[in-house]
Amino acid sequence: MDLTVVSQAPQQPFRQPSGAGLAPPNRGRPGQLPPVHHALLCVALPCLAVSAEHGQLTGQGLEGVYQAGRRLLSRSRLRVFGREPVTVQARLVSADTARFIAVVHTPADPGPDPGVTIERTRDAEGTERITFRSSAGRTVRLPVEMALGTDLADLAAVAAGRPGPELRASVHTSGMRWSASDGRLSVITAEPAPKDALASAGLLRWELALEPGAARTIELRVRSARPVRPAGRTGAPGGAGGQSLSDARAEGDDPRVERFLRSGIEDLRALLLRDPARPADLYPAAGVPWRSGPAPAESLWAARMALPLGTRLATATLRVLARTQLTRRGPGSGRIPGPLRDSGPHLPPGCTGVEATLAFPAVLAEAWRWGMPDQELAELLPAAERCLEWLRSATGADGLVREPGPPGLRRADSQAHAHRAALLGADLLEACGRPGAEEWRDRARALRHRFREDFWLDDRAGGRPAAARTADGRLLPHLGASAAHLLDTGLLGRGRYADGLLDKVQTEQVARLLGSPAMDSGWGLRSLGSKEPGHNPFGHRAGAVRVHETAVAVAGLAAAGYEKEAGSLLRGLLDAAEAFAYRLPEMYAGEQRVTGGVPAPHPAACRPAAVASAAAVRTLTALCGIRPDVPARTVALHPVRSAPLGAIGLSGLRVAGEPFAVRVSRMGLGMVEEAAGGLQLGV
């Protein structure tokens with residue numbers, strides 16, 4: 001399943017808990033997930049905290065603190081003077097931390113103005129700090145209590161509405177302890193220690209004396225029997241800070257680009273996981289809360305989009321997937337396993353393993369262009385060759401790639417992935433002195449010819465590419481965002497993009513279609529055109545805006561010279577990012593934009609999601625037109641001349657393993673401001 005989560009715009013008053021928090025899931029509805037579009041998700045995988053807008057953990061829905069998919073804390077309700085504080089603001093202050101501001105009236109308050117303010121922060125690892133500040137004119141004694149509980153349920157059981165009963169607590173040092181029958185446990189410790197602890201109710205109590213203008217803090221920490229350190233934390237061994245992903249920065253005439261890029265990188269780091277087989281290798285999970293495990297295709301696409309931040313993440317992700325590759329001789333040899341994925345109303349589910357297998361050689365080739373060291377290329381090349389061998393076995397007599405499932409189905413986007421793999425794979429083979437480069441170029445040439453003849457539908461409006469071709473030659477004509485992959489041809493040497501499956505006239509027509517009101521919603525690219533049968537603005541592959549395909553379209557259109565269409569999609573995506581407080585969900589409703597409107601969230605979308613987070617990197621570097629060829633010691637700049645966001649500067653990127661900075665003027669003129677020694681400006 002391909003779904004996403006959305007959070008709420010900050011700086012607004014929020015609903016108070018009335019015995020319920022996030023809406024509980026509907027039982028008995030297969031495939032339905034509980035809505036989380038109002039949730040604040042603090043992420044530092046494998047740790048996750050899901051909070052409602054009011055800041056209390058009520059035990060309802062997905063609320064809670066999770067570690068490696070197990071809920072360590074489901075209930076954390078604060079009361080002062082026997083009442084729940086009034087939450088007036090909630091927001092994410094970073095990818096892994098949420099901040100809630102609440103107020104409470106004391107008996108001594110003379111009027112409607114509350115005398116005590118409460119600042120409550122909760123992070124993904126389960127640390128909660130509650131600070132009380134007094135504005136009263138005299139010392140106030142605050143009776144504070146925390147009601148705590150957990151079921152130690154798995155996330156999947158919680159999502160299905162079957163978490164199990166809350167466990168009985170026992171008093172443990174300065175807090176509480178819970179244990180499950182399978183030996184797992186959760187421990188809460190408090191600083192300062194509570195005055196009273198009541199295990200039967202999971203209750204901790206304090207009596208705080210607040211002098212005028214003074215502040216007091218209570219800190220709660222939750223841990224399991226085997227605490228873990230988030231993989232992407234800055235400063236962690238092998239962590240993302242300064243290693244897997246660089247600290248790139250953006251600035252420009254449009255001030256939003258700074259936060260767009262910063263938040264995207266921060267969220268991508270929060271989604272990094274360690275491979276148990278080799279903990280030094282980090283790879284991005286697809287998204288939270290639903291897909292925080294391995295997802296081969298999404299992991300590869302996110303790593304590819306993040307190449308301007310360095311090649312380490314791509315290298316590690318490729319290593320992780322190479323270890324899963326089927327290597328025994330026989331059917332499927334060379335393929336990277338992956339689950340099936342819904343493909344919308346007109347196609348059967350597609351295999352993400354096929355997508356990942358075809359992506360592998362292309363990601364490796366582009367990582368090499370960005371500066372992957374030769375020894376890492378040599379280590380990964382055999383896996384790329386096995387992917388190409390699988391591609392050879394999956395290609396029919398007609399030169400087209402067959403899909404698992406219904407006999408004979410050929411998808412257009414799979415042909416695009418195969419064509420890219422063949423051309424970029426040929427480059428790798430030739431550069432590494434391996435045989436077969438010309439064979440793969442010949443295969444790509446034949447695929448181009450066949451595709452242009454067999455996948456194009458002529459009509460009075462100029463024609464369109466078919467989404468797929470059946471075994472009996474019938475073309476499936478619906479227009480969707482997958483057409484954007486036809487423009488994503490792949491980076492070759494000397495700053496050139498590879499030839500695509502479409503000829504010049506067909507490319508121009510696809511650009512026009514992607515920029516049409518039927519596809520460009522004003523907030524991004526619809527997954528299925530609004531005029532197509534089966535269109536649903538909330539369908540995750542039937543009309544919703546998918547950030548990944550929007551970013552692919554922006555980069556492909558810009559590279560092909562269709563700046564008007566690229567600029568429109570980019571501005572819509574940036575406007576949507578602002579509406580979602582710069583944490584873009586994986587998808588959102590594809591309703592047409594209207595004056596004064598905002599994009600509608602999808603209630604079950606992953607947020608953050610790896611490909612959505614990496615979209616900021618992909619689109620802004622495409623705007624600047626950065627095309628490195630480190631093996632040839634050159635980097636070319638082909639900025640979008642129309643400068644749709646005005647002047648822009650990017651710094652802290654990585655090319656050839658060294659800092660790289662570029663600036664593009666309002667006239668669309670690019671200039672390199674920092675680069676590795678010996679790197680020359682190409683054409």
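Phenylalanine 451 and phenylalanine 455 are both buried, that is, under 20% relative accessible area with a 1.4 Å probe and protein chains only, where exposed means over 50% and partly exposed lies in between. The model is predicted, so local features need pLDDT of at least 70 and side-chain atom pairs count only at pLDDT 80 or more, whereas totals for chains, interfaces and linings use all residues. Residues are numbered from 1 along each chain as its sequence is written, and side-chain values use heavy atoms, leaving out hydrogens and water.

Rings of Phe, Tyr and Trp (its six-membered ring) pair if their centres lie within 6.5 Å; planes under 30 degrees apart count as stacked, over 60 as edge-to-face and the rest as tilted. Phenylalanine 451 and phenylalanine 455 are stacked, because their ring centres are 4.5 Å apart and their planes meet at 10°. Phenylalanine 580 and tyrosine 588 make a tilted pair, with 5.3 Å between centres and 45° between planes; both of these residues are buried.

Charges also sit over rings (NZ of Lys or CZ of Arg within 6 Å of the ring centre and within 35 degrees of the ring normal). Arginine 443 lies over the face of tryptophan 440 at 5.2 Å from the ring centre, and arginine 593 over that of tryptophan 523 at 4.0 Å.

Turning to the strands (DSSP runs of E, at least two residues, numbered from the N terminus), three form an open, mixed sheet in the order 30-31-35, pairing being defined by at least two DSSP bridges. Strands 30 (626–629) and 35 (680–681) each have a single partner strand, so one side of each lacks a neighbour in the sheet. Strand 30 runs antiparallel to strand 31 (residues 634–637), joined by four bridges, with proline 628 opposite valine 635 of strand 31.
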